[in-house]
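Please walk me through this chain.

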Amino acid sequence: EKNEICLVLLTHRIMKLRKQVTVCGGAIFCVAVFSLYLMLDRVQHDPARRQNGGNFPRSQISVLQNRIEQLEQLLEENHEIISHIKDSVMELTDTGAVSPSGHLPFKSANGSWVLPFDGRPTYLFIKPQDCQLAAGGHTQADVQMLDVYSLLKFDNPDGGVWKQGFEITYEPAEWDNEPLQVFVVPHSHNDPGWIKTFDKYFTDQTQHILNNMVVKLAEDPRRKFIWSEISFFSKWWETADVQKQEAMRKLILGGQLEIVTGGWVMTDEANVHYFAMIDQLIEGHQWLEGNLGVTPSSGWAVDPFGHSATMPYLLKRANLTSMLIQRVHYSIKKHFASTRSLEFMWRQAWDTGSSTDIFCHMMPFYSYDVPHTCGPDPKICCQFDFKRLPGGRVNCPWKVPPKTVVEANVAERAQLLLDQYRKKSKLYRSKVLLVPLGDDFRYDKALEWDQQYINYQKLFDYMNSHPELHVQAQFGTLSDYFNAVYKANGVAQGSRPPDYPVLSGDFFAYADREDHYWTGYFTSRPFYKSLDRVIESHLRGAEILYSLAVANARHAGMEGRYPVSDYGLLVDARRSVALFQHHDAITGTAKENVVVDYGSKLLRSLIGLKRVIINAAHFLVMKNKEFYRFYQTEPFLETDDRRATQDSLPQRTLIELDPAGPRYLVLFNPLEQERLCAVTVLVNTVRVRVLTEDGQTVPVQLSAQWSSATQMSATFMVRLPPIGLAVFHLYDSSDTPMTLRSDTLLRLSGRGAGAARAANPLPVRSQQADDQPFYISSQCVTLGFSGSSGLLESIKRKDDPQEVKVHMQFMVYGTRPSKDKSGAYLFLPDGKAKLYSQKEPPVVRVVEGPLFSEVVTHYQHFQQSVRINNVPGVDGSSIDISTVVDIRDQTNKELAMRLVTDIQSGEVFYTDLNGFQIQPRRRHQKLPLQANFYPMPSQAYIQDSHHRLTLHTAQSLGVSSLESGQLEVIMDRRLMQDDNRGLGQGLKDNKKTVNRFRLLLESRSTGNKHGGFFAKLSSFFHSFFSQMFNVGMTDSWTTSFPSILSHMTNAALNHDVLALPVLPKRRGIPPLQTFSPLKSFLPCDVHLLNLRSIQKQTPSPYTALILHRLALDCSLEAQNLGFNCTTTQGQVRNLHAHSTNTITYFSLFLQFESKFNKALK
């Protein structure tokens, strides 16, 4: 602890002692060596060792090993801090140089730009204990899905009546001692948009289902039902009269109707970000609590196309005890059925205990419809779907219709059904059986309620009245079933029954038959996947600013003057975003008119959120709140950009500068950490000067705006407070040495090479393109580009002697010529991808300047911009990649971006699950190409013993690594036909889409690039004691984690700084000031997921602060993040000056006081 304090103080003194660097370095070295001596002395005088006379019995080996590991961690910690101090000194020395002209910024001798330094050194201090999750052990699971994939052949032999399974047999006497308990669970799966829009479905079908439910369940207390989608339920509730509401409440409280999961929708689990997963669950759970006073206990997910390990974690944290899943690869279902592992405790891969365990039931057969739920033979089960009775609209494809149950046939019918029940029960470990009874939008007619309930009740009555059958059958809810399983096994609700397996991993990719892998929807309609993430970021930012503004207004006694009615805009946006998380919305698998409906709702919400943000920012930046005035029709701020329609790209707001006076600009940093970054705004002149609030001039880089000759891009470096607002002044003034113009070069081929004309007032040079590589550089990195293609070829980091090959390619997939073709759901390529080519060579634009350099390459179907920012910290450590894709003139083509590197990654690569955790993947040659693609909501990476290359993404897309050293992302898909999964359309409504990424290259610290005393000593201890005690040092490959820099890079990509211009006022602009709400900084391994006003009243006195403690991989070399970064083992202090009177810890979805302590888990 003393070392930590001393080193931090020393860091601040370096500014004044630059000439005495050698003395400081020596002092640090002495402190470190003295610490080493004390630690060695403690080990040497360990009482346990003295007691044993220096001989280590086996029981003491682990003690010594732990001491040595602590020593190593402290050594490495000192080594890292010293390295960062050294780097800070070098930065100060470098940037403190004086240019030949006496002005900054300037170009140094090596050609890189030197910028003014803001005089604030930064440090990075991660406590060793905060690395233990990544460095520690892994889960003790009986079933690891990575191993299952390696084990299975993924063949598809004919299983008889159960085509994808096997023949099931049983002995009639098996239930003599313990009768079979059967719970038939009626349900209706209501998609909030798919073939019809959400509102059309409600009008045509859903409202009738719920209206009939109130009447038909009340007719017999033995009848049960479950309901999932709160989006539909809440809409019905709003239109229902008081009598219907009370009748529905009585059914729920009486246990006849159970609300399962309780989310706004049954969310997709592949493309969704965990922010939205949580938010839609909160929205549903808060509605249930406020209107019905109920909380769900069981999860129900029958239709998402594959299942993520994030979902069981979130349900567990919401105090659900059990869950059900359905769409799992048919080979995995068969394997689990053969080992009777269809019910298991689902545990997170990083959990070394059992705190994340949740009981999970996997349905065994092809579908959740009635023919595939009573047992293995769909021909028989279809006969017990009484909606298909002769004379109706729906019949049985197996040509044997159901029969109405009467006294004359009840015995035969009951025996036939019971045989299926018994066979299905053989796949599970208990003598309790779950039989769902429903399908999409079932029970919308009163007739079907009678057909199903009356006929089944006759069958149950017969079975239950014949003891020789040894069966007890009844209608039940999902929780009725789970509670019976727990009771039969003699365990408490949610506990692990004896001998039930523990499983770790996820269930992607999903295939329902043959080689039909549902991996196309990972990318389908990427325009809307991108729009979704933009709105999620705006929703989070609006929630935070609204909560802070209301708290400040309340503190200042001005609550009545603040537009608290903005809360309605927040609720509307929450519900629009929640609706879009539905498994036919964000997936891109709905009808074209339904997609337009989703898009229109999202755009309306985005406009509302921007209004919430500018209203809150207006109040918070007012220096004197007495001058605050709110006018609905006269906003104080403009938004950062605008979208004309739901399917158009945003247009940045133009800031028109006037020599008569300054324009004011408010910048909002939605991140919980201080941010040093480059910000770009659109201006109408090259005469730009930018000042901070206290009058400091900041460097500006001017660049041409290629879509307009009268507009310029002005980029400047800023330091912004966490979740705060900063004020800048923009002037139209004469040239200043702090404002520089980009150097722009057009690389042209053929006749156009000499024809490029100067773009006044920013000149453009042109030259003949050749095949020689060319480069752009910043203080941190040098990028190499192909002279012929204009695409990225190599990355060379300043602190790494090794140049890494990173060759960018664009590839094209076709679809099969046979009857089964790619569609919205399925990816069925016609073989390996072919290299994208066009007749004309690309036009390449190279822009260089003090704050950023970029290469923009124009092809017919895409335009790619690769940019590096010359800014210290997170913003300058990665490579910005923006690709505009337009394949609207293509037929049955899919465009992919491939990175080919010399990283020796083998067959292993890593993708994220929902932006929440990393899932290792293995490429399997035994599987078809399309089976090796996985969802990438936020990042994917490959690595070897030297480097990790991470592709961060601002939108969910499909990703794979088809060869060692490769990463490949599907950018867009245009497909002309349906893939026979019910949609009835192809993907022909493509939009011009911008896919945004950040590429981060990191080095492993085990390389010991410093080669100093501490690194060598640490390496010695590792090798010596691992040999001495035969301790394995290999990492488990079932878990992996991003570095702290990687976490920050992803957050910066997904949460842009919002630039909000102050509108000119005739009365003048009142004094404005920076708003910095945090009293103390959050630890840098804690992410502020949301600051959400709770649905109690408007405005609510309650706010939910949701924090996520990040797991870190500390084996990657730490970088200068541009802000002070410390960790605190999950402890968070009081943050906001006007934050709370009381703090209560709740479950994740705000319904139960939390059992977890104040240290974040």
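C131 and C1114 are joined by a disulfide, with an S to S distance of 2.0 Å. A disulfide here is a pair of cysteine sulfur atoms within 2.5 Å. This is a predicted model, so local features need pLDDT of at least 70 and side-chain atom pairs pLDDT 80 or more, while totals for chains, interfaces and linings use all residues. Residues are numbered from 1 along each chain as its sequence is written, and side-chain values use heavy atoms, without hydrogens and water.

The torsion about the S-S bond of C131 and C1114 is about -85°, so this disulfide is left-handed. The pair links distant parts of the chain, 983 residues apart. C131 sits in the loop between β3 (124-125) and α5 (132-135), and C1114 in the loop between β48 (1103-1109) and β49. Helices (H or I, at least four residues) and strands (E, at least two) are DSSP runs, numbered from the N terminus. C131 is buried at 13% relative accessibility, whereas C1114 is partly exposed at 25%. Buried means under 20% relative accessible area, exposed over 50%, and partly exposed in between (1.4 Å probe, protein chains only).

The count comes to four disulfides. Another one joins C382 and C396, with sulfur atoms 2.0 Å apart. Its torsion is about -105°, so it is left-handed. C382 and C396 lie 14 residues apart, each in the loop between α13 (378-381) and α14 (410-425). C382 is buried at 0%, and C396 is buried at 7%.

C1084 and C1125 form a disulfide with sulfur atoms 1.9 Å apart. This link is right-handed, with 60° about the S-S bond. C1084 lies in the loop between β46 (1058-1061) and β47 (1086-1093) and C1125 in strand β49, so the pair ties together parts 41 residues apart in sequence. C1084 is buried at 1%, and C1125 is buried at 0%. Counting bonded cysteines along the chain, the pattern is 1-7, 2-3, 4-5, 6-8.

Now take strand β45 (residues 993-1003). Nine of its 11 residues are buried. Strand β36 (residues 879-885) runs antiparallel to β45, joined by seven bridges. Two strands pair if DSSP finds at least two bridges between them. I881 stands opposite F997 in β45. Strand β42 (residues 947-953) also pairs with β45 in the antiparallel sense, over seven bridges. There, H952 has R998 as its bridge partner.

The backbone has some details to check. A cis peptide bond joins F508 and A509, with omega about 0°. N980 is not a glycine, yet its phi is positive, near 60°. N980 lies in the loop between β44 (966-974) and β45.
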